Amino acid sequence: MVSQKKSRFVFLQETHSREESEEQGRNEWCGNIYHSHGSPNFCGVMGLIGNRLHCTSHKAIADPSGQGVSLLQRENFNCSLNPKLDKKGGVIVPRKMLIDSLECLQNKLDLVDIWTIKNPRTKSYTWSQRLPQIFSRLDYWLVSTNLQDFVISTDITPAIKTDHAASELA
């Protein structure tokens, strides 16, 4: 499915991947693959960067718990940045320190949450739980302010075998 859309980069979560499956992934994807396989409690993430993007990775750090492939590996980023807009059900208490840190990063790097820019009044969620019923938008595309006009659309679509939806950017 990824190759059918001719994607330049793809970020996957809840991959349920293992080290043994890395070679198969390299055979199916034309580009670089970054894994964080995780453990039984955290089911892994994967970043795929296509050859057509013409970029070079200098360093990738995989979180051993399977929550991310990044330089910001020690923080649990599962929170809504704007709980009033991005959360339904459960306790709506913002994680102030995390939100402040991400806002500081956005300001320093001149990044915007493109979903909010393109869908200012739309409530849509990327994570859900059945009991108690909770919905949250936990997954974000932060893009450079200079590039936001090049983003045609953003979408949140259902995904199978995971409690997270797919966040798409075109």
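Asp-110 counts as partly exposed because its relative accessibility is 39% (buried means under 20% relative accessible area, exposed over 50%, and partly exposed in between, with a 1.4 Å probe and protein chains only). The model is predicted, so that local features need pLDDT of at least 70 and side-chain atom pairs count only at pLDDT 80 or more, while totals for chains, interfaces and linings use all residues. Residues are numbered from 1 along each chain as its sequence is written, and side-chain values use heavy atoms, with hydrogens and water left out.

Asp-110 is located in the loop between helix H3 (96-109) and strand E5 (helices, H or I with at least four residues, and strands, E with at least two, are DSSP runs numbered from the N terminus). Phi of Asp-110 is near 55°, a positive value in a residue other than glycine. Most residues other than glycine have a negative phi, and most peptide bonds are trans.

Strand E3 (residues 45-50) is mostly covered, with six of its six residues buried. Val-45, Gly-47 and Ile-49 point one way from E3, whereas Met-46, Leu-48 and Gly-50 point the other way, and all are buried. E3 runs antiparallel to strand E2 (residues 31-36), to which six bridges join it (two strands pair if DSSP finds at least two bridges between them). Within this pairing, Ser-36 stands opposite Val-45 in E3.

An open sheet is formed by three strands in the order E4-E7-E6, with antiparallel pairing. Strand E4 (87-88) and E6 stand at the edges with a single partner strand each, so one side of each is left without a neighbour in the sheet. The antiparallel pairing of E4 with E7 extends over two bridges. Lys-88 has Phe-135 in E7 as its bridge partner.

Phe-135 also takes part in a ring contact. One aromatic pair is found in a search of the whole structure (rings of Phe, Tyr and Trp, the last by its six-membered ring, pair if their centres lie within 6.5 Å; planes under 30 degrees apart count as stacked, over 60 as edge-to-face and the rest as tilted). The ring centres of Tyr-125 and Phe-135 are 5.8 Å apart and the ring planes lie at 40°, so the pair is tilted. Tyr-125 is in the loop between helix H4 (114-118) and strand E6 (127-129) and Phe-135 is in strand E7 (residues 134-136), 10 residues apart, and the pair links distant parts of the chain. Tyr-125 is buried, with a relative accessible area of 19%, whereas Phe-135 is partly exposed, with a relative accessible area of 25%.

In one of them, the side chains of Asp-86 and Arg-137 meet at 3.3 Å, N to O. Asp-86 lies in helix H2 (residues 83-86) and Arg-137 in the loop between E7 and strand E8 (142-144), so the pair ties together parts that are 51 residues apart in sequence. Asp-86 and Arg-137 are both buried. A salt bridge also joins the side chains of Arg-137 and Asp-113, at 2.6 Å, N to O. Asp-113 lies in strand E5 (residues 111-113), so this pair with Arg-137 ties together parts that are 24 residues apart in sequence. Both Arg-137 and Asp-113 are buried. Through shared partners, Asp-86, Asp-113 and Arg-137 are joined into one network of salt bridges.

One cavity of 30 Å³ or more is found in the whole structure (on a 1 Å grid over the protein atoms alone, a cavity is a set of points where a 1.4 Å probe fits but cannot get out, and lining residues have an atom within 4 Å of a point). The largest cavity has a volume of about 50 Å³, a volume being the space filled by probe spheres set on the points, which are joined across faces, edges and corners. Strand E9 (154-157) and strand E10 (166-169) are the elements that give two or more residues to the lining of the largest cavity. The largest share of this lining, three residues, comes from E9. Residues that line the largest cavity include Arg-137, Asp-139, Trp-141 and Glu-168. The lining divides into three nonpolar, three polar and four charged residues (Ala, Val, Leu, Ile, Met, Phe, Trp, Tyr, Cys and Pro count as nonpolar, Asp, Glu, Lys and Arg as charged, and the others, Gly among them, as polar).

How values were computed:
On a 1 Å grid over the protein atoms alone, a cavity is a set of points where a 1.4 Å probe fits but cannot get out, and a pocket is an open set with protein on both sides within 12 Å along at least five of seven lines; lining residues have an atom within 4 Å of a point. A salt bridge is a side-chain nitrogen of Lys or Arg within 4 Å of a carboxyl oxygen of Asp or Glu.
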